[in-house]
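Me: Could you zoom in on one part of this model and walk me through how it sits among its surroundings? I'm happy with a wordy answer.

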Amino acid sequence: MPEPLKNLLHEALVRDMADRIAGNAPTFDKIGFVTLATEGLTALELMERSALIRDALLATLPGDFREAAAILTASLPATGRPGLSGWMLLPVNQFIAARGVDHFGLGLDLLKALTPHFTAEFGIRPFIHRDQQRAMAIISGWVDDPDQHVRRLASEGTRPRLPWAMRLPRLVQDPAPILPILTALMDDPEEYVRRSVANSLNDVAKDHPDLVAAFIAGHIDGASPERRWLLKHASRTLLKKGHAQALANFGFGVPASLECELRIQNAEVMFGAGLDFAIRVTNAGEIPQSLMIDYAIHHMKGDGSLSPKVFKCKTIMLAPGQSHAIERRHAMRPITTRRYYPGKHRITIIVNGAETASQSFVLVMPSADPG
């Protein structure tokens, strides 16, 4: 089993933080900080641990944010000198978010300086929430920064639905202020930045599908392979849902004269094994068809209803009269994000957003060991 994420913040890291801060602030209360930051730490989850360490920083760094910011800035890594970096900067993000919003420019400058050593996407969101217009004016200027981490922060930190972070309801409702940032970074030389742009657009698509589909349509003509990948990755939620404009953006029309056969090899699937199935599609029409073939597993929920989850399968070009066969195994094994229930499930084949074939199967849970 992988190491729990919460263990990224531990007592040894807290002591290391104390040493690195004290190296730039001789009066810093190392003992008090470590005591406050480790009391009950092991019983907490990741973000709770980070909040505990943040509270210890609030109690031991100077109450004047300008003094605290100077200490934290001096404590960041420099050439030939270690400093605050990696996961120890997560609670620093939270400290700046708590105290820096009353010192707007200074707080954002500190987050900008911090982001090359971890990320500041969590810390800038309270600034956007406090004064969106002012924050976006500053953040928009980062799209030309020579540091790729700062450029990425401009797109990642403004994502309306950033995982693990506070939601930005005004940007969820109206994402227009972030579109110039995403446009400016769309052809960034770093994939790290471009992937962030794609994820932000995908966030927006969950609330404004037509807006994102139109945005993609306006930027796909003559796109480089890198931009085309970004636009398709940004459209992944829309494509899975069969959004007509999103499909058309990538040359996928409504299937015409298409025959689709689905065969499942095992009508009963033992949990821990897999569902084996085969698909055969035939273009019975008179023109070639570009096909995006996905499948959905309709999982049984605790109340007996079914909940679909779409999975990518294959993209092909099928000439008139041509057939194509696909064989797959879908694993039905424990994962942290889903609880499985025994009973009738369903698999559906989706071609260019349209359901074309479907069959049921039964998931069987292993019996408990009586010994």
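Reply: Let's take helix H13: its buried residues pack against helices H11 (179-185), H12 (191-205), H14 (225-234), H15 (236-240) and H16 (244-249). Bear in mind that this is a predicted model, where local features need pLDDT of at least 70 and side-chain atom pairs count only at pLDDT 80 or more, while totals for chains, interfaces and linings use all residues. Numbering starts from 1 along each chain as its sequence is written, and side-chain values use heavy atoms, with hydrogens and water left out.

On terms: helices are DSSP runs (H or I, at least four residues) and strands are too (E, at least two), numbered from the N terminus. Contact means heavy atoms within 4.5 Å. Buried is under 20% relative accessible area, exposed is over 50%, and partly exposed is in between (1.4 Å probe, protein chains only).

H13 itself spans residues 209-219, and its buried residues are Val 212, Ala 213, Phe 215, Ile 216 and His 219. Looking down the axis of H13, these fall within an arc of 160°, so they line one face of the helix. That arc is taken from the directions from the helix axis to the C-beta atoms. As a reminder, an α-helix has 3.6 residues a turn, so residues three or four places apart point the same way. On the face of H13 turned away from the buried side you'll find the exposed residues Asp 210 and Gly 218.
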